[in-house]
Amino acid sequence: ALATGNRAQAAEAFAKQLELSPGDRPALTSLGMALNELDRKEEAIAVFEQAIAAGHRDAGVLAVLVQIKGMVCDWNALEPLEKEVRDAAMAPSMTPALPQASIYFDTTPAEQRVWAENWARVDFPAFEPLHEPAERREGRRLRVGYLSADFWNHATTLLATGLFENHDRRSEERR
């Protein structure tokens, strides 16, 4: 329900899931996110604090809690939480902080890279290729294709326009 945009229905479902599995990390974080998206931020903070009390002191939970507390100007115990999330986000884990969460902290580019790499390692794990790469044959032209989820009225499309305009299909240069 959360993915379809029905946040209220999602919050109800996650609350029921939590009744069945008290302390369950996915139920807690999903309920917290649904409440946050419903602009019920104080309730979301309480749910994320409940997740921490249940032992889920990972970078993902901590980063969201700090972000929401910052949105509502809840400075209570925020400094130690910020330090904890910064430390946790630097360590590889199965529950990393989202890389964009690093903008809420005074992070260096090197730290931002580590946050992003830790997140990418979980969300985009390495996989074995489905087949062996094709052999390169001399004299054969390189074929190029463009793929994006953002080929619509989006910044990616607008920025890539020059790339498409300068792609010369008639070029005699062979690779």
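Colleague: Before we start, what are the ground rules?
Modeller: This is a predicted model, so local features need pLDDT of at least 70 and side-chain atom pairs count only at pLDDT 80 or more, while totals for chains, interfaces and linings use all residues. Residues are numbered from 1 along each chain as its sequence is written, and side-chain values use heavy atoms, with hydrogens and water left out.

Colleague: OK, how many residues of α4 are buried?
Modeller: 10 of its 13 residues are buried, so α4 is largely enclosed by the rest of the structure. Buried means under 20% relative accessible area, exposed is over 50%, and partly exposed is in between (1.4 Å probe, protein chains only). Helices here are DSSP runs of H or I with at least four residues, numbered from the N terminus.

Colleague: Which ones are they?
Modeller: The buried set in α4 is Ala59, Gly60, Val61, Leu62, Ala63, Val64, Leu65, Val66, Ile68 and Lys69.

Colleague: And what span should α4 have?
Modeller: Helix α4 covers residues 59-71 and should span 18 Å at 1.5 Å a residue; its end C-alpha atoms are 18 Å apart, which agrees. The expected span is 1.5 Å times one less than the number of residues.

Colleague: How many salt bridges does the structure hold?
Modeller: There are 10. One of them joins Glu37 and Arg7, whose closest N and O atoms are 2.8 Å apart. Glu37 lies in helix α2 (residues 25-37) and Arg7 in helix α1 (residues 7-20), so the pair ties together parts that are 30 residues apart in sequence. Glu37 is partly exposed at 39%, and Arg7 is partly exposed at 32%.

Colleague: What about Glu117 and Arg113?
Modeller: Their side chains form a salt bridge too, at 2.7 Å from N to O. They sit four residues apart in helix α6, so about one helical turn separates them. Glu117 is partly exposed at 33%, while Arg113 is exposed at 57%.

Colleague: Which residues are joined into one network by shared partners?
Modeller: Glu49, Lys69 and Asp74 are, through salt bridges that share partners.

Colleague: New topic: what's up with the phi of Cys73?
Modeller: It is near 60°, a positive value in a residue other than glycine. Cys73 lies in the loop between α4 and α5 (78-89) and is partly exposed at 48% relative accessibility. Ala77 also has a positive phi, near 55°, and its place is in the loop between α4 and α5. Ala77 is partly exposed, at 46%.

Colleague: Last one: where is Arg137?
Modeller: Arg137 is in the loop between α6 (109-123) and α7 (155-165), and it counts as exposed at 52% relative accessibility.

Conventions: Helix = DSSP H or I, 4+ residues; strand = E, 2+ residues; numbered from the N terminus. Salt bridge = Lys/Arg side-chain N within 4 Å of Asp/Glu carboxyl O.
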